[in-house]
Amino acid sequence: QVQLEESGGGLVQAGGSLRLSCAASGRIFRVNSMRWYRQAPGKQRESVAHITDGGSTNYADSVKGRFTISRDNAKNTVYLQMNSLKPEDTAVYYCNADIRQSFSGATYSYWGQGTQVTVSS
C-alpha cells in the first residue's frame, strides 16, 4: 500500500511563514504529479499548487508570489513553502499524488490525512 504523510502545519501570525512536507511511502514504482489542496471551514476543497514529475509548477491565483511548491524525487516528497501568510490562508492542507506501484500497473491518486494551518491576524 501507499501512504502520504503531511507535516509542518501549525499556528502562525499574519505575515509569517510555514513549510509543509508530504512524504509518500510504501510500494512505489513512480510518483507522477504531486499537488497541495486546502479546505477552509464551510468551503470546498481547492487546489493550491501542482508540480509535475519534471518540475513544472502552477499555482492558484490567490497564492502566486507567496507560495512555492517543490519536490525531492529521491525522497518521494513534496514541499510547500508558504510566505507572507494571511488569515484567509487558514485551512486544512492536503497532499495529493499520482502514484504507480509497478512497471505495468495503473496510476492511482492518493491523499494524505491533512495538516492544519492557522494564521492569526
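These legends describe an overview and several close-up views of one predicted protein model.

The model is predicted: local features need pLDDT of at least 70, side-chain atom pairs count only at pLDDT 80 or more, and totals for chains, interfaces and linings use all residues. Residues are numbered from 1 along each chain as its sequence is written, and side-chain values use heavy atoms, with hydrogens and water left out.

**View 1**
The elements run β-β-β-β-β-β-β-β-β-β-β from the N terminus. Helices (H or I, at least four residues) and strands (E, at least two) are DSSP runs, numbered from the N terminus. The C-alpha atoms fill a box of roughly 50 × 25 × 25 Å along the principal axes. The radius of gyration is 14 Å, which agrees with the value near 14 Å for a compact globule of 121 residues. That radius is taken over C-alpha atoms, and the globule rule is 2.2 Å times the number of residues to the power 0.38. Of the contacts with a separation of 6 or more, 56% join residues 24 or more positions apart. Contact means heavy atoms within 4.5 Å.

**View 1. The surface of the protein, with its charged side chains.**
The protein exposes about 6500 Å², and carbon and sulfur atoms supply 44% of this area. Areas come from the Shrake-Rupley method with a 1.4 Å probe; for residues, only the protein chains shown count as cover. There are 13 positive and 9 negative side chains, and the centres of the two sets lie 3 Å apart. Lys and Arg count as positive, Asp and Glu as negative; His and the chain ends are not counted. Each charge is placed at NZ of Lys, CZ of Arg, CG of Asp or CD of Glu.

**View 2. The largest nonpolar core, with 30 residues.**
Trp36, Leu80, Met82 and Tyr93 touch the most other members. Strand E9 (91–100) is among the elements that give two or more residues. E9 provides the largest share, five residues. Such a core is a set of buried Ala, Val, Leu, Ile, Met, Phe, Trp, Tyr and Cys residues joined through side-chain atoms within 4.5 Å. Buried means under 20% relative accessible area, exposed over 50%, partly exposed in between (1.4 Å probe, protein chains only). Across the protein, 43% of the 121 residues count as buried.

**View 3. Leu80 and its contacts.**
Neighbours within four places in sequence are left aside. Leu80 then contacts Leu18, Arg19, Leu20, Trp36, Val48, Ala49, Phe67, Thr68, Ile69 and Tyr93.

**View 4. Val119 in strand E11.**
Val119 is buried, at 6% relative accessibility. Beyond four places in sequence, Val119 touches Val12, Gln13, Ala14, Leu85, Lys86, Pro87, Asp89 and Thr90. Val119 and Trp36 are 83 residues apart in sequence; their C-alpha atoms are 17 Å apart.

Gly54 is exposed, with a relative accessible area of 70%. Its C-alpha atom is separated by 9.6 Å from that of Asn73, 19 residues apart along the chain. Asn76 is not a glycine, yet has a positive phi of about 50°. Ser84 has a positive phi of about 50°, although not a glycine, and is partly exposed at 41%.
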